[in-house]
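I opened a new model today and kept notes as I went. The entries follow the order in which I looked things up.

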Amino acid sequence: TTRVREIASDVPRVTPDDDAFDTLALLNKAGAREAIVEADGEIVGTLTQTDYGAAINIRKGFQSSIAG
C-alpha cells in the first residue's frame with residue numbers, strides 16, 4: 001500500500017512570500033507541476049505551472065492596456 005505521505009513528501013513546498021520566478025525554477029528543477037503553499041505550518045493552497053503562466057498572461061495584458 002502506498003500512503004499519501006509517501007507521495008506528498010516529494011512535492012516542493014513554498015510560502016506565499018516566496019518569489020514567483022524562484023518557485024517556477026524550483027518546480028522545473030524538481031520536475032514537478034505544482035508546489036504546496038504553506039504559511040505558519042499550514043497548507044494554504046497550491047501553485048501550478050498553469051497558474052504561473054496565467055498570471056504572466058494577465059500581467060502582459062494589463063501592461064499592454066496601459067501602454068496602448
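**Entry 1: the pocket.** I began with the largest pocket, where helix 3 gives the most to the lining, with four residues. I noted at once that this is a predicted model. Which elements give two or more residues to that lining? I found helix 2 (20-30) and helix 3 (49-67). The lining has 14 residues in total. Nearest the centre lie Ala 20, Phe 21, Leu 47, Tyr 52 and Ala 55. I looked up the space in this pocket and got about 210 Å³.

**Entry 2: the whole chain.** I stepped back to the protein chain. Its secondary structure comes to three helices and three strands. Reading from the N terminus, I wrote down the run α-β-α-β-β-α. The chain has 68 residues, and 16% of them count as buried. The accessible surface is about 5,400 Å². Carbon and sulfur atoms hold 52% of that surface. I also looked up contacts with a separation of 6 or more: residues 24 or more positions apart account for 22% of them.

Entry 3: Strand 2 covers residues 34-39 and pairs with strand 3 in the antiparallel sense. I counted six bridges between these two strands. I then picked out single positions. Val 37 has Gly 45 of strand 3 as its bridge partner. Glu 34 stands opposite Thr 48, also in strand 3. As background, I noted that strands of a sheet pair through backbone hydrogen bonds.

**Entry 4: the turn.** Strand 2 and strand 3 form a hairpin, with two residues between them. Asp 40 lies in that loop. I checked its phi and found a positive value near 55°, in a residue other than glycine. Most residues other than glycine have a negative phi, so I marked this one for a second look. Is Asp 40 buried or exposed? Asp 40 counts as exposed because its relative accessibility is 81%, and the cut-off for exposed is over 50%.

**Entry 5: the core.** Which residues make up the largest nonpolar core? I listed five: Val 14, Leu 27, Ala 32, Ala 35 and Val 37. Val 37 was already in my notes as the partner of Gly 45. In soluble globular proteins, nonpolar side chains tend to be buried together. I followed one core member, Ala 32, to its contacts. Leaving out residues up to four places away in sequence, Ala 32 touches Pro 12, Leu 27 and Gln 49. Of these, Leu 27 is itself on the core list.

**Entry 6: a threonine in helix 2.** My last stop was Thr 23, which lies in helix 2. Why does Thr 23 count as buried? Its relative accessibility is 4%, and buried means under 20%. I looked up what Thr 23 touches, again skipping residues up to four places away in sequence. The contacts are Val 14, Asp 18 and Leu 47.

Methods: Residues numbered from 1 in each chain as written. Predicted model: local features only at pLDDT ≥ 70, side-chain atom pairs only at ≥ 80, totals over all residues. Heavy atoms only, no water. Pairing = 2+ DSSP bridges. Buried < 20%, exposed > 50% of the residue type's maximum accessible area, 1.4 Å probe, protein only. Contact = heavy atoms within 4.5 Å. Areas by Shrake-Rupley, 256 points an atom, 1.4 Å probe, with all protein chains shown as cover. Core = buried A, V, L, I, M, F, W, Y, C linked by side-chain atoms within 4.5 Å. 1 Å grid on protein atoms, 1.4 Å probe; cavity = no way out; pocket = protein on both sides within 12 Å on 5 of 7 lines; lining within 4 Å. Points joined across faces, edges and corners; volume = space filled by probe spheres on them.
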